[in-house]
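Reader: I would like to go through this structure with you, step by step. Could we begin once it is on the screen?
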Amino acid sequence: MSNMELVKMIDLSRCTACRGCQVACKQWNELPASKTKNWGSYQNPADLEWNTWTLIRFQEYVDAKGRFKWLFRKDGCMHCTDAACVKVCPTQALYHTEFGTVAFDPERCIGCKDCIPACPFNIPRFNEQTKKIGKCDLCLSRLRANKPPACVLSCPTGALSIGPKAEMIEKAYKRAKALGEGASVYGDKFVGGTHVIYVLPEPVSAYPGLPENPSVPLPIILWKDVLKPASVIAGGGVLAAAFLHYILHGPKRPVEDTQEGGSEI
Amino acid sequence: MTNHYIDLKNSDCILIMGSNAAEHHPIAFKWILRARDERKATLIHVDPRYTRTTARCDYHVPLRSGTDIALLGGMIKYILDNNLIQEEYVKHYTNATFIVNANFKSEDGLFSGFDAEKKKYDKSTWTFEKDETGIPKRDLTLQHPNCVYQLLKQHYARYTIEKVSAITGVPADLIERVYKDYASTGTKDRAGTICYALGWTHHTVGSQNIRAMSIIQLLLGNIGVCGGGVNALRGEPNVQGSTDHAILYNILPGYLKMPTAPIQTLAEYNEKYTTKTNDPQSANWYQNYPKYSVSFLKALFGEAAQPENDFGYSWLPKIEDGKAYSLMHLFDEMYKGNIKGMFCYGSNPACSAPNSTKVRAALQRLKWMVNVNIFDNETASFWKGPGVDSKQVETEVFLLPAASSLEKAGSQSNSGRWVQWKNKIANPPGDALSDGDIVMRIMDEVRALYAAEGGVCPEPILNLKWDYRDAKGNFDFLKTAKQINGYYLKDNETAKKGDLVPSFALLAADGSTACGNWLMAGSFTQKGENKMAARGLDDPTGLGLYPNWSYAWPLNRRIIYNRASCDLNGKPFNPKMKLLEWTGEKWVGDVPDGPWPPVSDKKAGKYPFIMKPDGVASIFGPGMAEGPFPEHYEPMEGPLNKNLLSGQLTNPMVSVFKTELDKFANADTKFPYVCTSYSCTEHWCSGALTRWQSWLTEMQPEAYIEIGEKLAAELGIKNGEKVRVDSVRGAVKCVAMVTKRFQPFTINGKVIHQVGLPFNYGWLFPKDSGDSANFLTAAVGCPNTFCPEYKAFMVNVSKL
C-alpha cells in the first residue's frame, strides 16, 4: 500500500453498529475512555471527542415510503484532498501524507482551533487539557507498515475496506448500483475527493451531520489562495494566524450548520 | 449447530428468531450478510424488538415474547395445507410415515397419559405400532389416519393464521409472508436455516421452541444439507465446549447420561442407555454406548477401574431419579438452608441467575464460598451489597484470581463444533492461575485429607487417575486433551499401548481403551498430532467446509446427518451444493455419517439419521417432557388469562418453587407490560468482565430499559429520564430509552405494550450504573432443561 493514494470505503449497508471499529480505534491510538451517561441512546460518547476519533451514529428514521429504519453511520475524518483543515493550519500540524490522507502531528499543534470551524464535516475536537486537537489520521503508523487501519481490521462484516483510490471508487459504485433504490456513493465528488467514501443505502439527507454539498469555506479559499502568499511574504506566523482567525470568526461563520438535525437515538 | 458458521453463507433463506445475531455474533453475521449479498438470500428477523440485527434483515416480524410456538405451529400447518414438503425426504428420512399407537391422543393442549396431580405423563401411548419383526409400521402414502404425518396435521389444524396473529400480535399478512418465504426452501434446490439463541431457550417452552423448528426443517428437507440445519448460535467462545465436556448436572462428558440412584450396576446402566432396533437398515449408533461409558470410566479411574469392580461405576455420583439439580434448584436449596458451601467458577449468579432477591438472600445462608474469577464481582462481594448488613453475614468468601482465556492454552469449541486449539499468549498476572491449576491444587489437598483421615466413601476421590501435570507440576493442557481424546491400554494389530485412539469407532467396552470424551476421540492422530491446532485453508468442496482447519466433532464431520442431503441412491438432492455423493463404492465430500452405502442398498445400506434408534429423524418426538408435538402455552407470566388455543394456560409440566419469594403475577393489572431481558453487544452476560473495561462502559455506561414511544407518551416518560421497573418479585431503576423500535402489539383485539432491558449491570462497578435486571425475572424454567424464563415476564414502569 505504500506511497499510493488510498481510499477507505464505508459500506453502511453492511454495518451492524457493533462498534468494533470505535474500540479498535481507541486501542490502537491509545485513547482513553470518557465517563459517559446513558442519554437515551446507544450512541455513546454522544459526539466525536478529542479522544473519540470515530463514532457510530445511531438514528431512528422513517423513509419516504413510511418504512422504519435504524440507520448507523460511522463518523470520522473524511481525509479531503482539498482539506480546509490543512489549508488553515498555521503550523502544518495537519498535513497531507503520501497516501493522500490528512495526518496530524500533535507536536506542531499550537491549539489555535482554526481547523475546527474550517472543517466541512465538523471533525476536529479540542482537548482542553493538552490544548491540542484530536482527529483520525487513518492510522498512518499502520498504513506505513503496510497494514490496514485498526477500524478496517476490526470490522467483522466487511462494511469497512481500504485500497487504491480508483479501485475503491469503482467498488463503491458497483455496490451502490447493486443496492439500487436510492443508494449512492458519497465523497468522491467534492473537496477534491475524500479519502474516506461512503456507500449510503439511504439519501444523504437521511443522515444528520452529513452535508449534502460539503465545500471548503469561501474565506479559507480567499486566505489560502489569495492572502496567504502575501502573509508569508510579510512573515510572522503569529500575524498570519491572527489574520486568519479574524477572517474565520468574522461576522459570517464559515460553517453555519454543523449541528445534528433530527433525533439521534 | 448441526451445521457451522461459515455454512450460513450457503443458505437461501435465513430465519433469525430468538436471536440477536448481529449484536451477539458479530463475526458470524458476516456469513449471514454474505448469503444476502451473494445468494440473494432472504433474511427474516422475528423478534419483539427491532434490533441491530433487524436493521440488516429484509424485514422485521415483531412478535410478543413467548409466542414462538404459535407462529411456528402455524407454519407447520401452512406447509402441510399447501403441500410444500420435500416429499422424498419426509417419507424416507423422518418418522412421518410411522403408525402411532392407536391410544395416543392430543386434546385441548394435553396429550394422552397426563396425571394432573403429579404433573407427570405416562408415556406408554407415545409409541409406534410395530410389525411382527419389531420394526415400526410405516405408511409410505402418508394417508393412514394414525400415521405421524396425519397426526401432525390434526394437531396443528387449530393454528390458523387468524389465531396465530391474535396470540403473537404479528399482523396476518406479515405471518403469511414469513410462511411463504421460509416454506419456499422445501424444494430440493433451496435450503433454509434457522439461527436461534437464548431468545428460544429462555422460556418455559424453550426446548419445544427448538423442536417446533426442527419439525419445520424436516418437513422442508433442510437438515443435513448445506445452508440448512438447526443452528444454535451459542453465546460464548467455549460454551459449546462446556456442554460437550459436561458442565450440566444431567450429563457426563460426551453427553453420556448421568447415573441415577436406582441404577446400581454398570450392566443396568449400559442396558438402559444402549438403544436397540430390529431394523437392519438402522445403524443405531448408540448400540456402542458401553464402549464410551467404559472408556470414560477407564479415563477417570485408570488402573483402579477393572471389570470385576464394574470399572468403578459405583464410585460415580448418582442423582435421584426424576430430581433436578439445575442452577435454579441449587439456589432454591441454598435459600432453604440445605447447601452450606459453593464453588463458583467464572460465574456471577448474584446478577445472572433469575430472581436476584432470592439468590442474594440464599448466598447469605452459605457457610463458605469459593469464587474463582478474573475480577471481583457481585457474587463474591454479596456480603457488602446493597441492603446487606455485613455483620449479619457469616459466610466466609475466598476470591481466587483466575487466568483469563488468553492466559492459558487449551481448546475452544465454537457453536459449529469446531474445536480450535489455542496457545497461551501471556502469563496471568500476580497469583492468578488457570482453572485447571486451581482445581488441581484444591483436589490435591482434598485427596491428602482423604488419604490421611479416610472419611465416608473415600474411593472415588482416592481412585481418581490424577496425572494431569507437566514436569514442573503445572496443569498440562495438552496432556489432558490427549486423555480426553483417549488412548489404547493394550497393544493390538494396528496400535501399541499408549497410542492415541484416532476414532471413537475404535473404542472398546472391555477396558482396553480409555477415553475422557468419546466425541473427542479423533482430535489427535494415533501418533499424537493435534488436529485441533490444524490451520489448513483448503476448501476442496468449495462449500466452506475447510476440513483441515481445526477438528470438528464428531470425526471432523462439518455437517451432521449429511447423508440426508442425498436421495436414496446417494445422489445429492441439490447437485449445485454437492455436500456428499455416493460414487458406487464410497462417499465423497464431507466426512459422511458412517461409511455404509445409501438406503437403496437394502442389504448394506443404512438410513441417514444414525443417532436415532429407528435411523430416521423424529417429527414425532416422545422424548420430550410435555409431548411429542410442540404446543403453544403462555409464559408463566403473560398478559392473558386464557390460552387462545387450548384450556391449558401454561406449560402443564412446569413446576414452581414454593418459597415466599417465588411469586407470579399473570394477567395482573398492576404489572401490565410484557417484558424481556437481553444482553447488548458491548457487554457480556452479567458484565462481570466487560464492566471493568472502560472503552465498553463508555459505550454502554448504565442500565436502561427500551420503551416504545406510545407507551412512554402514555406514562409521561421522556427519553433519557430515570424510571423504576417493577415486577411482583423486585424492582430496578434505570434510564428510559424511548424508541420506535418497540411497537405495541394487538393481542386478541387488545393493545399490549412490551418493553425490554439488558441484564449486563450490577451494583459493584461502575458505581451508579444500576443493578441486575434479574430482580424482575422468575426462577421458573423449561421442564426439559430447566433453562429459566428470562425472556417473558410482566412488569410495570413508572417515572421516578
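This is a predicted model: local features need pLDDT of at least 70, side-chain atom pairs count only at pLDDT 80 or more; totals for chains, interfaces and linings use all residues.

Reader: What about α14(B) and α16(B): how do they pack?
Author: Helix α14 (residues 327–335) and helix α16 (residues 356–363) of chain B pack at an angle of about 55°, and their axes are 8 Å apart. That makes α14(B) oblique to α16(B). The crossing of α14(B) and α16(B) is left-handed.

Reader: And which side chains belong to that contact, by residue name?
Author: The residues in α14(B) are Phe331(B), Met334(B) and Tyr335(B), and those they meet in α16(B) are Lys358(B), Val359(B), Ala361(B) and Ala362(B). By class, the contact has six nonpolar residues, no polar ones and one charged one.

Reader: Let us step back to chain B as a whole. How many helices and strands does it have?
Author: Chain B has 21 helices and 29 strands. Its C-alpha trace spans about 80 × 70 × 55 Å along the principal axes.

Reader: What radius of gyration would a compact globule of 800 residues have, and what is the value for chain B?
Author: A compact globule with 800 residues would have a radius of gyration near 28 Å; chain B has 26 Å, which agrees. Buried residues account for 52% of the 800 residues in chain B. Of the contacts in chain B between residues at least 6 apart in sequence, 71% join residues at least 24 apart.

Reader: Now the backbone. Where are the cis peptide bonds you have noted?
Author: One joins Asn44(A) and Pro45(A), with omega about -5°. Pro45(A) lies in the loop between α1 (20–28) and β2 (55–62) of chain A. Another joins Trp553(B) and Pro554(B), again with omega about -5°, and Pro554(B) sits in the loop between β19 (551–552) and β20 (580–582) of chain B.

Reader: I also noticed Asn122(A) and its positive phi. Is that residue buried or exposed?
Author: Asn122(A) is buried, with 20 other C-beta atoms within 10 Å. Its phi is about 60° although it is not a glycine, and it is found in the loop between α3 (115–118) and β6 (125–127) of chain A.

Reader: Is Asp768(B) buried or exposed?
Author: Asp768(B) is exposed, with 10 other C-beta atoms within 10 Å. This residue has a positive phi of about 65° although it is not a glycine, and its place is in the loop between β28 (754–758) and β29 (793–799) of chain B.

Reader: Finally, the interface: how many residues of each chain are in contact?
Author: There are 27 residues of chain A in contact with 29 residues of chain B. On the side of chain A that touches chain B, α1 and β3 (68–75) each supply at least two residues. That side of chain A divides into 11 nonpolar, 10 polar and six charged residues.

Technical notes. Residues are numbered from 1 along each chain as its sequence is written. Chains are lettered from A and ligands numbered from 1 in the order in which they are written. Helices (H or I, at least four residues) and strands (E, at least two) are DSSP runs, numbered from the N terminus. The radius of gyration is taken over C-alpha atoms; the globule rule is 2.2 Å times the number of residues to the power 0.38. A residue is buried if 20 or more other C-beta atoms lie within 10 Å of its own, exposed if 12 or fewer, and partly exposed in between; C-beta atoms are placed from the backbone. Two residues are in contact if their C-beta atoms, placed from the backbone, lie within 7 Å. Ala, Val, Leu, Ile, Met, Phe, Trp, Tyr, Cys and Pro count as nonpolar, Asp, Glu, Lys and Arg as charged, and the others, Gly among them, as polar. Axes are lines fitted to C-alpha atoms, for helices over the stretch in contact, and angles run from 0 to 180 degrees between N-to-C directions. Angles under 35 degrees count as roughly parallel, over 145 as roughly antiparallel, 65 to 115 as roughly perpendicular and the rest as oblique. A crossing is left-handed if the near helix is turned anticlockwise from the far one by less than a right angle, and right-handed if clockwise.
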